[in-house]
Amino acid sequence: MSRPFGSNRLPIGQFSVSVNLSTAVLPYVPVICHLRKQLRSESCAPRFDSLRSMTKHKLFLLRHGEGAWNKENRFCSWVDQRLSEAGVTEAQECGRLLKERGYEFDIIFTSILSRSVQTAWLVMEAMGQEWVPVVKSWRLNERHYGALIGLNRAEMALNHGEERVKVWRRSYDVTPPPIDESHPYFNEIYSDRRYVTCDIPKEELPRAESLKEVLERLLPYWNDVISPQIKQGKTVLISAHGNSCRALLKHLEGVSDADIADVTLPTGVPVLLELDDNLRPLKARQLLGDPAKIQAAIKKVEDQGKATVNTK
Ligand SMILES: O=C(OP(=O)(O)O)[C@H](O)COP(=O)(O)O
């Protein structure tokens with residue numbers, strides 16, 4: 001008996017089916033041929049192509065819960081403040097929210113500053129996922145605010161003007177004056193033994209950074225360590241800082257140098273990014289939680305640079 005397809009395996013799209021070409025099947029061959037044609041038609045092909053590149057990776061960025069100096073409105077940066085009572089609650093609530101939504105992490109990255117590590121622990125505890133590995137790097141540390149470390153933002157706005165403070169806080173490529181040995185927090189930072197564990201000599205660690213410089217020290221870590229984990233299909237949480245998360249967002253979303261000035265991250269609010277296989281965002285970032293509360297928290301961070309008298 002002749003075989004119309006040369007064998008008894010009939011390809012349909014990506015699959016093939018075993019066909020017994022008996023006289024009982026032969027009447028259906030035109031229908032099968034029609035289906036094959038449809039699958040190959042131009043109207044079908046793009047749909048499959050886009051499905052292939054649409055593989056979603058979920059990446060979560062988190063600015064730690066409120067720290068003691070967030071509360072006092074001081075530039076904290078590389079000073080190792082722990083979470084305030086409100087910051088502990090924020091981190092726990094963040095963990096509960098992530099649990100309620102059914103998210104599961106495979107690996108967590110933090111800076112080597114206690115407030116980001118403590119936040120990761122509290123999130124994991126609230127999610128019942130304490131076993132998840134945590135990897136720490138100075139490359140996720142907060143931006144180094146140089147000589148501004150420890151200063152009160154509202155007092156600076158009074159002395160230098162709100163515009164100047166906004167430039168120091170939010171511009172992309174303005175580096176604040178560097179910290180030197182006369183600074184009250186210099187020794188506390190540079191004699192801390194955590195900074196001999198870094199992948200560069202202590203002497204080469206920054207003394208002040210613009211957001212651009214934060215991105216430059218963060219990118220090798222993102223490219224070599226974090227992104228391979230995501231590409232392997234792992235769900236990653238990065239528990240870090242306002243400006244290290246902003247730098248990464250700028251990179252991933254392609255935010256312009258000018259527009260990044262208007263991106264503000266509140267403490268304790270997880271940011272969900274859905275990425276394709278090339279780690280490009282598939283849609284806009286999502287700040288998870290009550291939108292009204294999130295807007296209020298963003299405004300609070302922005303208002304920290306206003307010249308109001310700080311009574312706390
Ligand atoms: O330590 C800081 O950020 P963090 O609270 O995210 O670690 C900075 O002082 C944040 O200051 P900014 O919001 O003026 O950039």
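Colleague: Where is Glu-142 found?

Modeller: In this predicted model, Glu-142 is found in the loop between β5 (134-136) and α6 (153-160).

Colleague: And what makes Glu-142 count as buried?

Modeller: The cut-off for a buried residue is 20 or more other C-beta atoms within 10 Å of its own. Glu-142 has 26 C-beta neighbours inside 10 Å, so Glu-142 counts as buried. Setting aside residues up to four places away in sequence, Glu-142 touches Ser-77, Trp-78, Ser-111, Leu-113, His-241, Asn-243 and Ser-244.

Colleague: Which residues does UniProt give as "active site"?

Modeller: The UniProt entry, which is unreviewed, places that feature at His-64 and Glu-142.

Colleague: How do you know that they gather at one spot?

Modeller: They span 79 residues in sequence, but no two of their C-alpha atoms are more than 10.5 Å apart, so they do come together at one spot.

Colleague: Which residues are around the ligand?

Modeller: Glu-142 is one of them, and others include Arg-63, Phe-75, Cys-76, Arg-169, His-241 and Asn-243. By class, this shell has three nonpolar, six polar and three charged residues.

Colleague: Now the helices. Why are α9 and α10 called roughly perpendicular?

Modeller: Angles of 65 to 115 degrees count as roughly perpendicular. The axes of α9 (residues 211-231) and α10 (residues 242-253) cross at roughly 75 degrees and come within 9 Å, and α9 and α10 are therefore roughly perpendicular to each other.

Colleague: Which residues make the contact?

Modeller: On α9, Leu-211, Val-214, Leu-215, Leu-218, Leu-219 and Trp-222 take part. On α10, the residues include Asn-243, Ser-244, Arg-246, Ala-247 and Leu-248. The residues of this contact divide into eight nonpolar, three polar and two charged.

Colleague: To finish, how many helices and strands does the chain have?

Modeller: There are eleven helices and eight strands. Buried residues make up 30% of the 312 residues in the chain.

Definitions and conventions. Residues are numbered from 1 along each chain as its sequence is written. This is a predicted model: local features need pLDDT of at least 70, side-chain atom pairs count only at pLDDT 80 or more; totals for chains, interfaces and linings use all residues. UniProt positions are given in the numbering used here, feature names are shortened, and annotations may be inferred rather than shown by experiment. Helices (H or I, at least four residues) and strands (E, at least two) are DSSP runs, numbered from the N terminus. A residue is buried if 20 or more other C-beta atoms lie within 10 Å of its own, exposed if 12 or fewer, and partly exposed in between; C-beta atoms are placed from the backbone. Two residues are in contact if their C-beta atoms, placed from the backbone, lie within 7 Å. A residue is near a molecule or strand if its C-beta atom, placed from the backbone, lies within 6 Å of it. Ala, Val, Leu, Ile, Met, Phe, Trp, Tyr, Cys and Pro count as nonpolar, Asp, Glu, Lys and Arg as charged, and the others, Gly among them, as polar. Axes are lines fitted to C-alpha atoms, for helices over the stretch in contact, and angles run from 0 to 180 degrees between N-to-C directions. Angles under 35 degrees count as roughly parallel, over 145 as roughly antiparallel, 65 to 115 as roughly perpendicular and the rest as oblique.
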